[in-house]
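User: I'd like to learn how to read helix packing, sheets and cores in a model. Please start with handedness.

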Amino acid sequence: MIPSIKIHIGTIMIKKIFDNERQYLNFFFDKVDIQKMEELLEILKECKGALVLSGVGKSGLIAKKIAATMTSTNTRALFLSPVNALHGDIGIVSPEDIFIFLSKTGESDELLTLIPSLRNKKVKLIAVVSNVNSRLAKACDIVVHLPLEKEICPFDIAPTTSTTIQMIFGDVMAIALMQARNFTIDEFAINHPAGRIGKRIILKVRDLMIRGKEIPFCKKEDL
């Protein structure tokens, strides 16, 4: 008798979602304009001020993470909430900064409302979007296209694949800037004095060892 094989429906569903995500990410990697990314790297590298990142909703969370990664790898960066920016925080932005908008659709009113005030400050504006025909893309100086086939959400609505490729973009830019500026492991240690990263790099044996005449000894005949 052939034993019955039971395959849980959840296993099939999960595999299909993973396969879809792989397909959509491959679409991104196949379509992304590497030359455009290299041109962007040169612009970011020459920035005399800070890289100011902003976004709404899930894109805002990704923008915050990218800013944190850049800061820890020696690129001056910060996240600016578009709502708070409209209520005074835009004062931190200077003409030497570069303002980077992260948005899937490029149609978020909160971001578009910032444009006139940033123009008054003579700040270079970059739109990182998946919709190159959006109002945000048309309003900015530079447009970076993140090719998106669709979200893994069955309704193609919930930000999933779109935020993943935003994160990939941010990580690549952060590491590219890190390497372009010859950021060393010693400099990395200075920026991470606490936690496992810092301990792995800067903690020495001499920081823990007991020295002097008070070192306890135990002889083989001692109880």
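Analyst: What you see is a predicted model: local features need pLDDT of at least 70, side-chain atom pairs count only at pLDDT 80 or more, and totals for chains, interfaces and linings use all residues. Residues are numbered from 1 along each chain as its sequence is written, and side-chain values use heavy atoms, with hydrogens and water left out. Helices (H or I, at least four residues) and strands (E, at least two) are DSSP runs numbered from the N terminus. In this model, H2 crosses H8 in the right-handed sense.

User: At what angle do H2 and H8 pack, and how far apart are their axes?

Analyst: Two packed helices are described by the angle between their axes and the distance between the axes. Axes are lines fitted to C-alpha atoms, for helices over the stretch in contact, with angles from 0 to 180 degrees between N-to-C directions. For H2 and H8 the angle is about 55° and the axes are 10 Å apart, which makes the pair oblique; under 35 degrees counts as roughly parallel, over 145 as roughly antiparallel, 65 to 115 as roughly perpendicular and the rest as oblique. Met37, Leu40, Leu41, Leu44 and Lys45 of H2 make the contact (heavy atoms within 4.5 Å) with Phe169, Met173, Ala176, Leu177 and Ala180 of H8.

User: At what angle do H3 and H8 cross?

Analyst: At roughly 15°, with axes that come within 9 Å, so H3 is roughly parallel to H8. This crossing is right-handed. On the H8 side, Thr163 is among the residues that meet H3. Thr163 touches Lys58 and Ile62, leaving out residues up to four places away in sequence. With 12% relative accessibility, Thr163 counts as buried (under 20% relative accessible area; exposed is over 50%, partly exposed in between; 1.4 Å probe, protein chains only).

User: In what order do the five strands of the sheet run?

Analyst: Strands pair if DSSP finds at least two bridges between them. The order is E2-E1-E3-E4-E5, an open sheet with parallel pairing. E2 (77–79) and E5 are the edge strands, each pairing on one side only. From one strand to the next, the twist averages 20°. H2 packs on the sheet against E1, E3, E4 and E5, its direction making about 135° with that of E5. H3 also packs there, touching E1, E2 and E3, at about 160° to the direction of E1.

User: Why is strand E4 largely enclosed by the rest of the structure?

Analyst: Because five of its six residues (124–129) are buried. Six bridges join E4 to E3 (residues 98–103), with Ser103 partnered by Val129.

User: Which residues have the most contacts inside the largest nonpolar core?

Analyst: Such a core is a set of buried Ala, Val, Leu, Ile, Met, Phe, Trp, Tyr and Cys residues joined through side-chain atoms within 4.5 Å. The largest has 31 residues, with Leu44, Leu51, Leu53, Met70, Ile100 and Ile126 making the most contacts inside it. Elements giving two or more residues include H1 (9–31), H2 (34–45), E1 (51–55), H3 (58–72) and H8 (161–180). H8 gives the most, six residues. Another core, of 19 residues, lies apart from it and includes Ile90, Phe99, Leu111 and Ala127.

Conventions. A crossing is left-handed if the near helix is turned anticlockwise from the far one by less than a right angle, and right-handed if clockwise.
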